[in-house]
Amino acid sequence: MVMTRHSIHNLEAIVKQVRRDILRMVHGCQSGHPGGSLGCTELLVCLYFELMQRNDQFDLNGLGEDLFFLSNGHISPVFYSVLARAGYFPIDELATFRKLNSRLQGHPTTHEGLPGIRVASGSLGQGLSVAIGAAQAKKLNRDNRMVYVLMGDGELQEGQVWEAAMYAAHNEMDNLIAIVDYNGAQIDGATNDVLSLGDLPRKWMAFGWKVIEVMRGNDIGSVISGLRKAQASTGTKMPVMVLLHTEMGNGVDFMMGSHKWHGIAPSDEQLAVALNQNAETLGDYIA
């Protein structure tokens, strides 16, 4: 069982390297989604390097360990980088992102057998349902570990999410922690302009969920504190929702505050500027 613990300083070093990986991966194939990936870097680093209990060897059954599902699969660059840096597969494989015959496709799939990937994702609105199924399986197997799932806030415009929300509350899925990347932006603009989500905390509470709001979702200390509070809120016959306020493009000044970087790659000049803002800390992968 992997139970790593790191100082805030060490986690920040991992975050910087993961940002570099994201930028180089997307630039290398001139395709991908850097904005949301950068915005969720602190979250995934904290989950995999501080908060989740993971088995030494990956298997799809996931018995006796915490499970993570990525629903908004377009932010695969951050997911692949964190998995590689956590030891699931060789770091240099990141150089194959979106290449022909690569295991690292633009949206994660399972048929390539990439360690760490438990479900194909990217068709939005489905990840919560998958995570609920995994959480129910853990209860049937008397497995007391947790299930985590990450969704985008624009993804909440999908009706299946709310069907799943009702189902989870009705069936008292109290071993489930869902997280929303609450950055207020999606591919077509501000989420409130495309289709307003309204009072999101009250909506989830009305659906029978325990709601925890983390206002500084790109601050490692706040992320850890919020998720530990979520962990402490499990086992009470209610699923837990963490609303994580993040900044799309976080860590790269010219990407922040604009939905434009949802799905475009930086130029050579932009890459150089972005990498200069994120120092190499653990060693870049070999391209």
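Hi everyone. Before we start, please keep in mind that this is a predicted model.

Let's begin inside. The largest nonpolar core has 60 residues, and the members that touch the most others are Leu 47, Tyr 48, Phe 68 and Ile 179. Which helix gives the most to this core? That's helix H1, residues 8-29, with nine residues.

Now find Phe 68 on your screen. Beyond its neighbours within four places in sequence, Phe 68 is in contact with Leu 44, Leu 47, Tyr 48, Met 52, Phe 79, Arg 118, Tyr 148 and Leu 150. There's also a second, separate core of 29 residues, with Ala 168, Tyr 182, Leu 200 and Met 241 among them.

Back to H1, and how it packs on helix H3, residues 41-51. Their axes are 10 Å apart, at an angle of about 125°, so the two helices are oblique to each other. The crossing is right-handed. On the H1 side the contact includes Leu 11, Ile 14 and Val 15, and on the H3 side Val 45 and Phe 49. By class, this contact holds seven nonpolar, one polar and three charged residues.

The other pair is helix H5, residues 127-140, and helix H6, residues 159-170. Here the angle is about 20° and the axes are 9 Å apart, so H5 and H6 are roughly parallel. H5 passes H6 in a left-handed crossing. From H5, Leu 128, Ser 129, Ile 132 and Gln 136 meet H6 residues including Val 161, Ala 164 and Ala 168.

Thanks, everyone!

Terms used. Residues are numbered from 1 along each chain as its sequence is written. This is a predicted model: local features need pLDDT of at least 70, side-chain atom pairs count only at pLDDT 80 or more; totals for chains, interfaces and linings use all residues. Side-chain values use heavy atoms; hydrogens and water are left out. A nonpolar core is a set of buried Ala, Val, Leu, Ile, Met, Phe, Trp, Tyr and Cys residues joined through side-chain atoms within 4.5 Å. Buried means under 20% relative accessible area, exposed over 50%, partly exposed in between (1.4 Å probe, protein chains only). Helices (H or I, at least four residues) and strands (E, at least two) are DSSP runs, numbered from the N terminus. Contact means heavy atoms within 4.5 Å. Axes are lines fitted to C-alpha atoms, for helices over the stretch in contact, and angles run from 0 to 180 degrees between N-to-C directions. Angles under 35 degrees count as roughly parallel, over 145 as roughly antiparallel, 65 to 115 as roughly perpendicular and the rest as oblique. A crossing is left-handed if the near helix is turned anticlockwise from the far one by less than a right angle, and right-handed if clockwise. Ala, Val, Leu, Ile, Met, Phe, Trp, Tyr, Cys and Pro count as nonpolar, Asp, Glu, Lys and Arg as charged, and the others, Gly among them, as polar.
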